[in-house]
Amino acid sequence: MADRFQDERGVIQDLLGPIDAVTEIFTKAGYIRGNHVHHRTVQYTYVISGQRLVRWGSSPWNLEGRIERLVSPGEMITEEAGVPHAWKALEDTRVLVFTRGPRSGEAYESDTIRLDEEEKLF
């Protein structure tokens with residue numbers, strides 16, 4: 001459970017625990033990102049502006065039962081380790097990605113496996 005502090009002024013609530021990296025991503029309308037899977041990294045993606053359509057495989061490497069969700073400003077989603085994911089910007093979109101695992105700097109590709117052409121979610 002995240003830490004919570006409350007007094008007469010209101011509430012301070014931690015939303016995430018320890019994070020290894022915070023990344024800002026800007027994507028132009030119509031472009032796709034992802035179409036990959038991270039074996040050990042969990043991503044929490046918060047939309048600052050724009051809209052994006054997100055797709056996941058229903059389980060690791062099972063793309064038959066795809067899950068799809070429209071994500072708008074102010075929303076945060078979780079992309080679990082081992083689950084294929086991709087997203088398409090429906091308009092110019094800016095997000096913050098909070099990660100736990102080996103996904104920042106030079107280690108970015110060390111935990112990323114690209115989906116084959118026939119496996120791609122978009």
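1. Strand S3 (21–27), S4, strand S5 (42–49) and strand S9 (85–89) each contribute at least two residues to the lining of the largest pocket. S4 gives the largest share of that lining, three residues. Strands here are DSSP runs of E of at least two residues, while helices are runs of H or I of at least four residues, and both are numbered from the N terminus. A pocket is found on a 1 Å grid over the protein atoms alone, as an open set of points where a 1.4 Å probe fits, with protein on both sides within 12 Å along at least five of seven lines; a lining residue has an atom within 4 Å of a point.

2. The model is predicted: local features need pLDDT of at least 70 and side-chain atom pairs count only at pLDDT 80 or more, whereas totals for chains, interfaces and linings use all residues. Residues are numbered from 1 along each chain as its sequence is written, and side-chain values use heavy atoms, with hydrogens and water left out.

3. Which residues lie nearest the centre of the largest pocket? They are Ile 25, His 36, Gln 43, Arg 103 and Tyr 108, out of 16 residues that line the pocket. The space in this pocket is about 220 Å³, a volume being the space filled by probe spheres set on grid points that are joined across faces, edges and corners. Its lining has four nonpolar, seven polar and five charged residues. In this scheme Ala, Val, Leu, Ile, Met, Phe, Trp, Tyr, Cys and Pro count as nonpolar, Asp, Glu, Lys and Arg as charged, and the others, Gly among them, as polar.

4. The chain has 11 strands and zero helices. Its C-alpha trace spans about 55 × 30 × 30 Å along the principal axes.

5. Two strands count as paired if DSSP finds at least two bridges between them, and the angles, on a scale from 0 to 180 degrees between N-to-C directions, refer to axes fitted to C-alpha atoms.

6. Within this sheet, S5 is joined to strand S10 (residues 93–100) by seven antiparallel bridges. Val 42 stands opposite Arg 100 in S10. S5 also pairs with strand S8 (residues 76–79), in the antiparallel sense, over four bridges. Tyr 44 has a bridge partner in each of these strands: Phe 98 in S10 and Thr 78 in S8.

7. A second open sheet contains five strands in the order S7-S6-S9-S4-S11, again with antiparallel pairing. Strand S7 (67–71) and strand S11 (112–114) form its edges, each pairing on one side only. The twist from one strand to the next averages 30°. Strand S4 (residues 32–38) and S11 run antiparallel and share three bridges. His 36, one of the residues nearest the pocket centre, has Arg 114 in S11 as its bridge partner.

8. Strand S1 (residues 4–7) and strand S2 (residues 10–13) run antiparallel and are joined by four bridges. A hairpin of two residues connects S1 to S2. The bridge partner of Asp 7 in S2 is Gly 10.

9. What does the charged end of Arg 52 sit over? It sits over the ring of Trp 87, 4.5 Å from the ring centre; the criterion is that NZ of Lys or CZ of Arg is within 6 Å of the ring centre and within 35 degrees of the ring normal.
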